[in-house]
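Thanks for coming. I have one model to go through this morning, so please look at the screen and I will start with a single residue.

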Amino acid sequence: MICHWVRDYIKYGEAAFDYKGHPGNPFAALHTSKTLTETERLRLQLVKLEIENERLKKGYQVKGVGANKEFVSLKDANMK
């Protein structure tokens, strides 16, 4: 690891150590942010609905909220 850091320092200088962030979920920051723009809020809502649609296509329903969420199969449920 140190050899990697030294090589990057020689090649890029101090800019090699600038933190570029983790490429994880781009919507994670939107979910925890308290001040969302209208576009960000709508984008987050769209993604949540797309995820819910995919779950319903696979035959699962979400019951509960927060940490108490569970996915229940709809195979035995009455869909009337």
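Lys57 counts as exposed, because its relative accessibility is 65%. On this scale, buried means under 20% relative accessible area, exposed means over 50%, and partly exposed is in between, with a 1.4 Å probe and protein chains only. Before going on, a word on the source: this is a predicted model, where local features need pLDDT of at least 70, side-chain atom pairs count only at pLDDT 80 or more, and totals for chains, interfaces and linings use all residues. Residues are numbered from 1 along each chain as its sequence is written, and side-chain values use heavy atoms, with hydrogens and water left out.

Back to Lys57. Which residue does Lys57 form a salt bridge with? The partner is Glu54, and the closest N and O atoms are 3.3 Å apart. A salt bridge here is a side-chain nitrogen of Lys or Arg within 4 Å of a carboxyl oxygen of Asp or Glu. Both Lys57 and Glu54 sit in helix 3, three residues apart, or about one turn of the helix. Glu54 is partly exposed, because its relative accessibility is 42%.

How many salt bridges does a search of the whole structure find? The search finds two. The other pair is Arg41 with Glu38, where the closest N and O atoms are 2.7 Å apart. Arg41 and Glu38 are separated by about one helical turn because they are three residues apart in helix 3. Arg41 is partly exposed at 37% relative accessibility, and Glu38 is partly exposed at 47%.

Now helix 3 itself. It covers residues 38-57, which is 20 residues, and spans 29 Å from first C-alpha to last, close to the 28 Å expected at 1.5 Å a residue. The expected span is 1.5 Å times one less than the number of residues. After helix 3 comes Gly59, with a positive phi near 90 degrees.

Stepping back, the chain has three helices and two strands, in the order α-α-α-β-β from the N terminus. Helices (H or I, at least four residues) and strands (E, at least two) are DSSP runs, numbered from the N terminus.

Next, Phe17. Where does Phe17 lie? It is in the loop between helix 1 (2-12) and helix 2 (28-32). Phe17 counts as partly exposed, because its relative accessibility is 46%. Leaving aside neighbours within four places in sequence, Phe17 is in contact, meaning heavy atoms within 4.5 Å, with Trp5 and Tyr9. Phe17 and Trp5 are twelve residues apart along the chain, and their C-alpha atoms are separated by 8.3 Å.

Phe17 also belongs to a nonpolar surface patch with Met1, Ile2, Trp5, Val6, Tyr9 and Ile10, and together they have about 830 Å² of accessible area. Patches are made of residues with over 30% relative accessible area and no salt bridge; like charges are joined within 9 Å, and nonpolar side chains (Val, Leu, Ile, Met, Phe, Trp, Tyr) within 5 Å. Areas come from the Shrake-Rupley method with a 1.4 Å probe; for residues, only the protein chains shown count as cover.

For the chain as a whole, 9% of the 80 residues count as buried. Residues 24 or more positions apart account for 0% of the contacts with a separation of 6 or more.

Last, confidence. The chain averages a pLDDT of 76, and 69% of the residues score at least 70. pLDDT is the predictor's confidence in each residue, from 0 to 100. Where pLDDT is low, the predicted coordinates should not be read in detail.
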